[in-house]
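Open the model in your viewer and keep the selection tool ready. We will go stop by stop.

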Amino acid sequence: MPGARRPGERGAVLRGYGVYVTERRWAGSWLSGTRAAGEENGYPGQHLGLPEQGPRSVAGVGRRIGALFIDWLLCMIIAVALFHSQYWTIVVFAAEVYVLTALTGFTVGKRLTGLRVVRLDGKPVGLWWALLRTLLLLAVVPPLVFDSDLRGLHDKAAETIVIRI
């Protein structure tokens with residue numbers, strides 16, 4: 001490839017999987033990806049100043065899935081009770097997540113599992129950021145793509161993180 005540099009040089013381009021790719025350590029990334037040799041392997045939230053365990057530590061994936069399951073089940077019950085149709089579940093779910101996250105920082109499921117959504121700058125989540133976060137959450141894929149701090153793309157866009165309370 002014309003202009004390709006040797007590995008180790010700044011901006012080096014490597015051949016991998018039949019295409020040329022740029023090394024992560026030089027390109028930087030908003031997704032953490034794999035770590036280069038010599039990079040420290042800390043715990044989730046370490047570089048954000050959060051504790052490793054206990055209150056205010058980053059919530060694990062298992063608890064988040066549990067909270068999501070509780071919220072979905074509750075919304076399905078509400079949809080069937082109010083609208084006599086389970087097809088309204090997504091609308092009820094979106095409203096619950098948006099309103100409760102914006103006003104309190106947690107949904108019913110998050111409260112029962114001991115989780116809370118907080119902004120990185122310490123301010124309340126608020127209406128705008130909760131709306132952005134909820135829309136991306138409903139898109140399904142953004143929450144599945146997360147970094148070493150277990151922040152999904154929906155959390156990164158809203159500058160939030162899910163912590164234990």
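Select Ala-130, Arg-133, Thr-134 and Leu-137: these are the buried residues of helix α5. Buried means under 20% relative accessible area, exposed over 50%, and partly exposed in between (1.4 Å probe, protein chains only). Look down the axis of α5: its buried residues fall within an arc of 100 degrees, so they line one face of the helix. The arc is taken from the directions from the helix axis to the C-beta atoms. An α-helix has 3.6 residues a turn, so residues three or four places apart point the same way.

This is a predicted model: local features need pLDDT of at least 70, side-chain atom pairs count only at pLDDT 80 or more, and totals for chains, interfaces and linings use all residues. Residues are numbered from 1 along each chain as its sequence is written, and side-chain values use heavy atoms, with hydrogens and water left out.

Now select Trp-128 and Leu-135. Both are exposed, on the other side of α5.

Next, show what surrounds the buried face. The buried residues of α5 pack against several elements, including α3 (89-103) and β3 (115-119). Contact here means heavy atoms within 4.5 Å. Helices (H or I, at least four residues) and strands (E, at least two) are DSSP runs, numbered from the N terminus.

Step past the end of α5 to Val-140. Its phi is positive, near 70 degrees. Val-140 sits in the loop between α5 and α6. Val-140 is exposed, at 51% relative accessible area. Then go to Leu-150, in the loop between α6 and α7. Phi of Leu-150 is positive too, near 60 degrees. Is Leu-150 buried or exposed? Leu-150 counts as buried, at 18% relative accessibility. Most residues other than glycine have a negative phi.

Last stop: salt bridges. The whole structure has four. A salt bridge is a side-chain nitrogen of Lys or Arg within 4 Å of a carboxyl oxygen of Asp or Glu.

- Arg-133 is buried at 4%, and Asp-155 is buried at 0%.
- Select Glu-159 and Arg-119, which meet at 3.4 Å, N to O. Glu-159 lies in the loop between α7 and β4, Arg-119 in strand β3, 40 residues apart.
- Select Lys-156 and Asp-147, with closest N and O atoms 2.8 Å apart. Lys-156 is partly exposed at 23%, whereas Asp-147 is buried at 8%.
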